[in-house]
Structures are given as structure tokens and as C-alpha cells.
Amino acid sequence: MYDFNYHRPGSVDEAVGLINDDAKLLAGGQSLLPTMKLRLAQPSDVIDLGGIPGLSDISVDGSTVTIGATATHASVAASSAVAGAIPALADLASGIGDTQVRNVGTIGGSVANADPAADYPAAVLGLGATVHTNSRTIAADDFFTGIFETALAENEILTKVSFPVPEAAAYVKFANPASRYAIVGVFVAKTSDGVRVAVTGAGGSAFRASGMEAALNANFSASALDGIAVASDDLNNDLHASAEYRAHLVSVMAKRAVQAAGG
């Protein structure tokens, strides 16, 4: 039996007031519900954010794309505003999971869950996004802290993510053929502050490849990455791929991303 109290608040403040030590927030449920089915999570309360007005809005204001926490992957992929401003972000969203996952899963749920193989963390980190909560803003470089861990406090709710529009960007991943999760995914963005290279799937959480960034800042071309690799010491090593293979894939995906971004 599943035994929990279900809540559908009408505002973020109401949702915050319902949070307790054993409560779980529900956005799209594509991670939470399977976890509950496996009895790996048994929350006392489930707080459904789907009824909060405005939390799924998508907007482009000048050089910033802002996506509400409950915007689905499908809505991001189909947004002409997103595609016009940051095509790489719309393309990333279109490759998440399958049709059902894309129509139910949300950007806020993905970012807050911080699955080491999720796609959105690479975009957040690669574009230098800002994560907004009910009480503060968090820079991308400070947000992901470890495997399934973020800088979010227990009483915080992620409300939206703001992405600066880059000069050029692309995301390329080597996907698990069953789940479509990234065995390795690399997001490359050429921004006004320099090139950012973010990697997902390879480590415990998304991370930046500083050596590749330095090389691409000097010469934004795939050939600039010849001979540059990430160390395999701290990379994931599982039935899907060894740490050494993932290190190799980072280099391959990074080159492809640079080429896709016009480098």
C-alpha cells in the first residue's frame, strides 16, 4: 500500500508551507514515482506543483531565456522562442527520454534531481544559467554539488531557470539506447565571457572541462581539442561503460559539439 498525504497547492508560498522532513515535491514525477514504486522512497506527503499558475511559463527577454520549473521537456523542445534564441537547448530537450517522458517530465524536476546522467544539468552549467528559487538565485557553478545533490535547501523550491543567450552552442550525447540517458553528453557554449564546456553522464554530477575550455578560448575549433582529455580517475565505472571509455567519449562528444556549434 502507498500511504501518503497528497497536496496540490495553488502557490509557491503554499507549497513551501507544506514542506516537512518526510515530504516530497512532485513536478513531472518521472523520477519520484518509479522510486516510490520500488519502495526506495516513502514520503509522508506528496506536494504536487502542477497546479501553480505561471510555473510552466517560457519567455525570452532580450538576451535571456527563462523557463519555469514545471515546463515539460516537450514544451521546451517545441518552443519557437527557445529554438530561436538557443537552438541547442531546444535540441537537448527533444532528445530526453521518450515521448511519454518528454510530455510529463519537467525541467525543474530534472535540474533539482541532479541525476548524474540527465541532460539539462549540462545545459545549465554549459550556458552559465541562473537557478531561481522561492528565496534566492543560485549560479550554475554553485548549484550541482554531488551525485543527486544540489545547493537547494530543504525549504527551497526551484521556480525557474534563466539561460543567457550564447553566441553559439551545441549539445551532443552518446545515449543509452534503452533509457536515452547520457552515458556521456557534452554541452559547448561560446559566450561573451568565454567558452564553457559542460559534461554530464561521465561523473557523479555535471562538471566543467577546464582544459578544453582553455583550448577553445584560444581557438574555437574541434582540432583545438586534439590531445586534450579528461582524467578517468573520478569518472563513473559501471555496466554501461568503463571510466576509461567515458573519458574517451568526453573527447569525442566535445569535438562533435564544437563542430555542431560552428567551430
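A residue counts as buried if its relative accessible area is under 20%, as exposed if over 50%, and as partly exposed in between, using a 1.4 Å probe and protein chains only. Thr70 has a relative accessible area of 13%, so Thr70 is buried. Keep in mind that this is a predicted model, where local features need pLDDT of at least 70, side-chain atom pairs count only at pLDDT 80 or more, and totals for chains, interfaces and linings use all residues. Residues are numbered from 1 along each chain as its sequence is written, and side-chain values use heavy atoms, with hydrogens and water left out.

**Thr70 and its surroundings**
- You'll find Thr70 in the loop between strand E5 (64-68) and helix H3 (73-78); helices (H or I, at least four residues) and strands (E, at least two) are DSSP runs, numbered from the N terminus.
- Not counting residues up to four places away in sequence, Thr70 touches Leu49, Leu55, Ser56 and Thr106 (contact means heavy atoms within 4.5 Å).
- A polar atom of the Thr70 side chain lies 3.3 Å from the backbone nitrogen of Ser56.

**Thr66, in a strand**
- Thr66 sits in strand E5, and it counts as buried because its relative accessibility is 18%.
- Its side chain makes a polar contact with the side chain of Ser162, at 3.3 Å.
- A polar contact is a pair of N or O atoms within 3.5 Å; within protein, one must be able to donate a hydrogen and the other to accept it, and residues adjacent in sequence count only if both atoms are side-chain atoms.
- Leaving aside neighbours within four places in sequence, the contacts of Thr66 include Asp57, Ile58 and Lys160.

- Four strands make an open sheet in the order E11-E12-E13-E14, with antiparallel pairing (two strands pair if DSSP finds at least two bridges between them).
- At the edges are strand E11 (168-175) and strand E14 (207-208), each pairing on one side only.
- Strand E12 (residues 182-191) pairs with strand E13 (residues 194-200) over 7 bridges, and Thr191 stands opposite Gly194 in E13.
- Helix H5 (residues 87-94) lies across E11 and E12, at about 20 degrees to E11.
- Helix H10 (residues 210-218) lies across E12, E13 and E14, at about 150 degrees to E13.
- For these angles, axes are lines fitted to C-alpha atoms, for helices over the stretch in contact, and the angles run from 0 to 180 degrees between N-to-C directions.
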